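Take a look at the sequence and the structure below. This report then walks through some of their features, one topic at a time.

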Amino acid sequence: MQEEELQKMEKKSAYELFFDIPVGPQHPALKEPAFFKFRVEGERVVGVDVDVSYNHRGIERALEDRNYIQNIYLIERICGICNVAHTLCYAQAVEQLHGKEIPPRANYIRLMIEELARIHSHTLWLGVAAHEIGFDTLFMYVWRDREVVMDLIEMLTGNRVTTAINTIGGVRRDVSDEAKDKVNKGMNILEERLKYYRKVALNDPTVNARCSGVGILKPRDAIKLCAVGPTLRASGVKNDVRRDDPYTLHDEVPFNVITFDTMDVFARVLVRIDETLESVNMIRYCLDHMPNGDVRIKLPLSPPVGEAVSRVEAPRGELIHYARSNGTKNPERYKVRTPTFGNIPSVSEMLTSKSDYEVNIADIPIVLASIDPCFSCTARMEFRDVSKGKTWIWSLKELKAHCKK
Amino acid sequence: MEENEVSEALKNKFGKKILEIEIPKKGEKVAEDMLIPEIMEIKVSKRRVFVTVPIEIYKEVIRYLVEELGFNHVQTMTGLDTGKVIEIMPHLGRGITITVRTRIGKDRPVLSTITDLVPGASLHEREINDLLGVVFEGHPNLTRIIVPEGWPKGVYPLRKDYIPEQPKPIREVS
Amino acid sequence: MNFLLELLQILVFPGVLFAIGLAFVYEWLDRKIYARLQNRVGPLYTGPSGILQPFADFIKLLAKEDIVPNEVDKPLFNALPIFALTLSLTGFLALPITDLRGVISFNGDLIFLIVLMTLICIVIMYSGISSANRFSTVGAERAALQLLGYEIPMMLSAISIGILASSMWVYDIVSIQANSGWFLISPGILGFAIFVLCGQAELERIPFDIPEAETEIVAGWLTEFSGRKLALFRLTKDVELLYLSGLVVALFLGGPSGPVMPGLEFILYPLYFLLKTLFVLFLLTTLRALFARLRIDQMVNFSWKYLVPIAILQVLIVRLVV
């Protein structure tokens with residue numbers, strides 16, 4: 001290992017034009033481990049290599065060993081922030097396998113919680129993006145207002161982040177009338193604050209300087225590389241799973257699909273802020289039009305033989321689950337594709353300098369953050385090997401031995 | 001376009017290969033024929049179409065769907081080891097989801113790539129390559145993406161013959 | 001006796017110990033104001049209202065392990081923090097605090113003080129280069145680029161004050177303001193603004209903390225320093241903050257001068273000095289809270305397109321007034 005490193009360093013000391021900057025697996029710009037190796041020339045980035053295997057947890061394989069009810073909890077832990085989207089998608093897939101419909105009140109409650117989670121995720125992202133460009137004041141303000149959403153979610157579901165409210169056949173808890181009043185009040189506060197942040201984002205010159213013209217993704221590339229979510233919509237492509245493939249009453253609750261046409265990080269910021277404002281309106285509609293009734297139906301543990309595809313618009317983009325059942329209590333195969341995985345080719349494209357478009361090192365964190373990466377969602381396959389041997393870092397055993405020296 | 005239109009278009013184009021068609025209504029139990037190889041079939045339910053094709057016309061069907069019917073968004077690609085064969089299923093589409101299923105034998109897990117039609121499918125094919133050992137011919141960069149470095153070659157975690165290592169207790173609990 | 005008094009002045013008041021103590025207080029004030037602007041509390045528990053927090057951080061860092069990577073240039077790596085601290089303390093000693101002249105005072109020391117700041121930046125560059133780390137190299141390169149951006153406007157505004165006072169001696173500049181009763185800030189308002197902005201760049205604070213950008217290059221040129229060296233570097237930054245505020249006050253706001261009663265000068269002068277530097281500190285901290293971080297090319301662009309012409313304009317205005 002030492003020889004290889006030394007040779008690399010010797011080569012570099014003889015005046016080399018390019019050198020590689022590693023971002024990850026641990027880096028202040030990343031909230032979760034991923035490895036990006038950037039080839040740079042001065043401040044200009046000319047190439048990028050991606051490796052997302054660090055959070056591999058073996059969920060897809062683990063899902064095959066447990067029954068459908070146990071799997072709800074496993075699916076929820078794929079990602080902390082998008083847990084509502086994952087459980088919603090799972091519950092929909094299993095209900096499709098059973099071939100049953102859930103009562104309308106359950107659909108309204110599901111929609112409300114889903115949109116609350118979307119507001120939560122987008123405000124979290126706004127704070128993180130502000131921190132990436134060094135704008136700590138906006139970061140602190142936005143996360144202070146995120147507390148409003150978390151308090152509402154805690155009141156409705158019992159937890160601030162991991163809601164555990166979706167289940168096969170409906171939702172677990174009902175919403176009382178006092179809860180509805182509090183949600184209304186919270187929405188009023190949020191709407192006012194969000195409009196303020198929109199104004200700040202549009203008018204602040206340093207935010208503009210850092211975000212405009214950075215991380216450009218042309219619409220044709222976005223479609224070719226199968227980008228999803230706000231990344232796609234910020235390039236002007238009007239695709240949203242809630243409009244194209246409606247689930248849980250998104251065809252009844254009115255909303256607009258937000259797109260912007262400047263194709264850069266700034267557009268993504270604005271898309272997310274506007275989507276949050278749309279969510280506020282959708283929640284208000286739900287509160288006004290919620291019918292009475294049951295919130296859950298009982299379904300048997302083993303669905304009939306079949307397969308189902310279920311899609312949900314998670315805050316980060318399109319989330320798709322595929323379920324295949326062979327009639328037993330455990331699924332035969334369950335596949336999860338998270339939006340971040342679908343956005344990785346687009347981010348590699350955004351981060352390479354081309355003839356008329358330069359990427360600087362300083363743009364890397366904000367461009368990476370602009371796709372809203374959630375690598376916990378991304379790497380879910382199994383790895384239970386204890387010795388994680390990379391080629392230039394010691395394996396875990398060797399590292400422990402070295403630390404004991 | 002409507003699901004039925006899609007299934008009609010597919011039938012018209014590739015009709016001579018169809019042996020059986022099932023159009024269950026939404027919620028109906030699906031026949032078990034789907035598990036028998038070598039039958040091309042189409043299943044249609046609300047905004048979902050499931051098509052099974054033999055390997056020979058797999059690429060043509062995908063090309064027809066991507067270029068002529070406009071399903072140019074690859075949502076994901078699922079790989080599945082049924083014990084006898086490996087099924088590869090790309091899921092395409094934005095409004096309607098079409099799942100094109102093809103079955104390949106475990107002794108020769110080779111399939112042609114679709115990255116020349118839709119470049120966004122490259123990561124999904126790399127994932128299936130890592131987890132199931134399927135080689136996609138013509139893929140520009142079929143390297144490791146999802147299993148960690150140092151993972152032994154030839155071990156495919158999603159195959160049915162892979163038994164995961166159970167962690168042993170460090171101390172015996174009396 | 002005189003020698004002893006001078007030694008006391010250099011070491012205790014207004015010398016090294018006073019500088020270090022005041023630097024800690026200023027860091028606390030900076031963090032507190034920054035936090036309140038962000039709807040947070042800032043340091044709270046150590047000492048009354050958190051005033052001992054920077055001191056506690058310093059002691060903690062001194063006690064931590066000092067890791068020296070194998071590949072670094074060891075003599076340089078070990079000596080640089082001490083150089084940096086020495087430079088900033090030297091600069092502080094030249095500021096007029098208890099008297100209209102500083103402890104170090106000679107004709108032409110305005111140039112000396114500006115050059116000290118450049119020297120500190122060169123030390124920063126060397127620390128980045130001598131740590132064998134990609135992030136440090138990028139940080140050092142950015143520090144050098146930033147120096148290219150802010151140095152010319154800063155020097156021009158300082159020199160314009162020198163032209164106004166017809167002297168390059170800080171003692172002269174301060175005496176003129178003390179005797180005539182008005183501060184040189186009135187024809188020099190443009191220079192004041194530019195000097196404060198460039199001071200923000202020199203101190204590497206947001207919006208100009210590019211060489212040390214936490215989210216992009218881990219910690220820039222500071223990455224490989226730990227333990228005592230990191231403690232000394234952080235102390236250098238605080239003393240630099242104090243030094244820069246003191247310099248702004250001496251040049252533009254009349255130093256420690258103000259309405260005095262003869263005999264009580266040695267109390268009132270430091271008091272006025274403190275009040276005026278607090279004002280400058282408040283300006284610097286508010287600037288820090290208001291903006292996002294700029295990119296290095298944007299910063300250099302901004303400096304050469306806007307700051308240099310305005311600085312030249314300031315010099316012309318001053319020539320007309322004199």
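Predicted model: local features only at pLDDT ≥ 70, side-chain atom pairs only at ≥ 80, totals over all residues.

## A nonpolar patch on chain C

Phe3(C), Leu4(C), Leu7(C), Leu8(C), Leu11(C), Val12(C), Phe13(C) and Leu17(C) make a nonpolar surface patch. The patch covers about 790 Å².

Which helix gives the patch its largest share? That is helix H1 of chain C, residues 2–11, with five residues. Leu7(C) belongs to helix H1 of chain C. Its relative accessible area is 36%.

## Salt bridges between chains

Over all chains, the count of salt bridges comes to 45. One of them pairs Lys160(B) with Glu64(A), at 3.9 Å from N to O. Lys160(B) sits in the segment after strand S7 (135–137) of chain B, and Glu64(A) sits in the loop between helix H2 (59–63) and helix H3 (68–76) of chain A, so this pair joins two chains.

Are the two partners buried or partly exposed? Lys160(B) has 38% relative accessibility, so Lys160(B) counts as partly exposed. Glu64(A) has a relative accessible area of 12%, so Glu64(A) is buried.

A second bridge links Asp245(A) and Arg48(B). Their closest N and O atoms are 3.0 Å apart. This pair also crosses between chains. Asp245(A) lies in the loop between H11 and helix H12 (265–289) of chain A. Arg48(B) lies in strand S2 of chain B, residues 48–53. Both ends fall under the 20% limit for buried residues. Asp245(A) has a relative accessible area of 2%, and Arg48(B) has 6%.

Now look within chain A. Arg242(A) and Glu115(A) form a salt bridge, with their closest N and O atoms 3.3 Å apart. Arg242(A) is in helix H11 (residues 241–244) and Glu115(A) is in helix H5 (residues 104–132), so the bridge ties together parts of chain A that are 127 residues apart in sequence. Both Arg242(A) and Glu115(A) are buried.

Which residues are linked with them in a network of salt bridges? The network holds Glu114(A), Glu115(A), Arg118(A), Arg233(A), Asp240(A), Arg242(A), Glu275(A) and Glu313(A).

## Two packed helices in chain C

Two packed helices are described by the angle between their axes and the distance between the axes. In chain C, helix H8 (residues 189–202) packs with helix H11 (residues 265–290). The angle is about 60 degrees. The axes are 10 Å apart.

How are these helices set to each other? Roughly perpendicular starts at 65 degrees and roughly parallel ends under 35 degrees, so H8(C) and H11(C) are oblique to each other. The crossing of H8(C) and H11(C) is right-handed.

## The make-up of chain B

How many helices and strands does chain B have? There are three helices and seven strands. Along the sequence, their pattern reads α-β-β-α-β-β-β-β-α-β. Chain B has 174 residues, and 56% of them count as buried.

## Backbone details

The loop between H8 and helix H9 (214–217) of chain C contains Pro207(C). The peptide bond from Ile206(C) to Pro207(C) is cis, with omega near 5 degrees. Glu204(C) is also placed in the loop between H8 and H9 of chain C. Glu204(C) is not a glycine, yet its phi is positive, at about 55 degrees. Its relative accessible area is 8%, so Glu204(C) is buried.

Ala164(A) has a positive phi of about 55 degrees too, and is not a glycine either. Ala164(A) lies in the loop between helix H6 (136–157) and strand S4 (166–167) of chain A. With 28% relative accessibility, Ala164(A) counts as partly exposed.

Pro104(A) is located in helix H5 of chain A. Pro104(A) counts as partly exposed, at 47% relative accessibility. How many residues lie between Pro104(A) and His289(A) in sequence terms, and what is their distance in space? They are 185 residues apart in sequence and 11 Å apart in space, from C-alpha to C-alpha.

Terms used: Residues numbered from 1 in each chain as written. Chains lettered and ligands numbered in written order. Heavy atoms only, no water. Patch = residues over 30% accessible without salt bridge, like charges linked within 9 Å, V, L, I, M, F, W, Y side chains within 5 Å. Areas by Shrake-Rupley, 256 points an atom, 1.4 Å probe, with all protein chains shown as cover. Salt bridge = Lys/Arg side-chain N within 4 Å of Asp/Glu carboxyl O. Helix = DSSP H or I, 4+ residues; strand = E, 2+ residues; numbered from the N terminus. Buried < 20%, exposed > 50% of the residue type's maximum accessible area, 1.4 Å probe, protein only. Axes fitted to C-alpha atoms, helices over the stretch in contact; angles between N-to-C directions. Parallel < 35°, antiparallel > 145°, perpendicular 65-115°, else oblique. Left-handed = near helix turned anticlockwise from the far one by under 90°.
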